[in-house]
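Dear colleague,

I am handing over the structure we spoke about, and I would be grateful if you could look through it alongside the notes in this message.

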Amino acid sequence: MAKTLVYFVSDLHGSSMCFRKFVNSTKVYKPNVLILGGDVAGKAIQSIVKAPGGRYQCEFVGTRYDISDEAELKDLERLIADHGYYPYRAEPGELEAMEADGTLDELFLRLMRERLAEWLDIADTRLRPQNVPLFLMLGNDDPPELAELLDQAPWGTHAEGKVVHLDDDHEMISWGYANTTPWHTYREQDEQQLASAYATMAAQLDRPERAVFNLHPPPYNTQLDDAPALDDSLRVQASLGQIQYAAVGSTAVRDIETQYQPLLGLHGHIHESGGSVKIGPTTAINVGSEYGEGVLRGVLLTIGGGKLLRYQAVTG
């Protein structure tokens, strides 16, 4: 029986360190297939402000930097990128002026595009010589404008909305939109819209019971979707000093996996709730995320003959 080793990660949120670890996994874990499950974009710009005397200054993760050496400046920019932020050398007051005149979002999108294009070039350089397939999609935190970069990737397949083959025996469907959140992120749908998208793809599968459902949000009320409970002002709720948690996953995901009973459900979105559960015969996995610390969380899955032969959560 032929076996395929799949490496799945999600929610890198702009961390260049995590992306490098992801593509370099072919030298460590030696997977046959790589899957990146969404949320590739970072969440903020980190300004490095020009100061008198050719110096640049910023405060980042509790440390104050005052730099004039170009090599040190590049090291700082790499550190910022590895944490998922977008470094930007700015004139004093430049970003504040852009926010005031409404052009800051244009800069943010440009920096997102540049980072993603850089990642796709890295993937091409590292994976093409090894002929390792890469499947990617956007998540809910990614601007839709980034999709064209995935469509034009020099190496890899933009998998969203398609049925793709992981090997001769196993298909995969992918959808990166999430159910609605309090944050009103870029790509959200209500449960009915999600259910319709999932059903359209699932109906095209030849053998749903052998398929992988790569759906960004985890299934509702499975402990894979526990996130801090918020009040109407988006403040975290606590009781007796303990943070309270609530199920925030998707009912549409749970329903489609219950109906079609695929081999695997691969999920992300809720960073705090990595783990696995069974939904009938389906193994549903949320890999979680610690991108902000440069830690890559993922799962190695050995599939063959329509079965999940083994899986292992890995951290690097």
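Predicted model: local features only at pLDDT ≥ 70, side-chain atom pairs only at ≥ 80, totals over all residues.

Pockets

The largest pocket holds about 670 Å³ of space, and its lining is made up of 29 residues, with Thr181, Pro182, Trp183, Ala227 and Ile270 lying nearest the centre. By residue type, that lining divides into twelve nonpolar, eleven polar and six charged residues. Strand 14 (226–228) and strand 17 (245–247) each contribute at least two residues to the lining of the largest pocket.

For the second largest pocket the volume is about 370 Å³, and 16 residues line it, of which Glu77, Ala81, Pro87, Arg115 and Glu118 lie nearest its centre. Two or more lining residues come from each of helix 1 (16–28), helix 2 (70–82), strand 6 (86–90) and helix 4 (104–127), and helix 4 gives the largest share, with seven residues. The lining of this second largest pocket consists of seven nonpolar, one polar and eight charged residues.

Aromatic rings

A pair of aromatic rings is described by the distance between the centres and the angle between the planes. The count for this model comes to eight aromatic pairs. One of them joins tyrosine 86 and phenylalanine 108 in an edge-to-face arrangement, with 5.8 Å from centre to centre and 75 degrees between the planes. Because tyrosine 86 belongs to strand 6 and phenylalanine 108 to helix 4, the pair ties together parts that are 22 residues apart in sequence. Both tyrosine 86 and phenylalanine 108 are buried.

Another pair, formed by phenylalanine 213 and tyrosine 260, is tilted, at 6.4 Å centre to centre and with 50 degrees between the planes. Phenylalanine 213 lies in strand 13 (residues 212–215) and tyrosine 260 in helix 7 (residues 251–260), so this pair ties together parts that are 47 residues apart in sequence. Is each of these two partners buried or partly exposed? Phenylalanine 213 counts as buried because its relative accessibility is 0%, whereas tyrosine 260, with a relative accessible area of 22%, is partly exposed.

Ring pairs also link Tyr7, Phe19, Phe22, Tyr29 and Trp119 into a cluster.

Charges over rings

Arginine 89 lies over the face of tyrosine 56, at 5.8 Å from the ring centre. Arginine 187 is placed over the face of tyrosine 177, at 4.0 Å from the ring centre.

Strands of a sheet pair through backbone hydrogen bonds, either parallel or antiparallel. In this model, an open sheet of six strands runs in the order 8-7-2-1-21-22, and its pairing is mixed. Its edge strands are strand 8 (157–158) and strand 22 (307–315), each of which pairs on one side only. Within the sheet, strand 2 (residues 33–36) and strand 7 (residues 134–136) pair in the parallel sense over three bridges, and leucine 34 stands opposite leucine 134 in strand 7.

With kind regards

Terms used:
Residues numbered from 1 in each chain as written. Heavy atoms only, no water. 1 Å grid on protein atoms, 1.4 Å probe; cavity = no way out; pocket = protein on both sides within 12 Å on 5 of 7 lines; lining within 4 Å. Points joined across faces, edges and corners; volume = space filled by probe spheres on them. Helix = DSSP H or I, 4+ residues; strand = E, 2+ residues; numbered from the N terminus. Nonpolar A, V, L, I, M, F, W, Y, C, P; charged D, E, K, R; others polar. Phe/Tyr/Trp six-rings, centres within 6.5 Å; stacked < 30°, edge-to-face > 60°. Buried < 20%, exposed > 50% of the residue type's maximum accessible area, 1.4 Å probe, protein only. Lys NZ or Arg CZ within 6 Å of the ring centre and 35° of its normal. Pairing = 2+ DSSP bridges.
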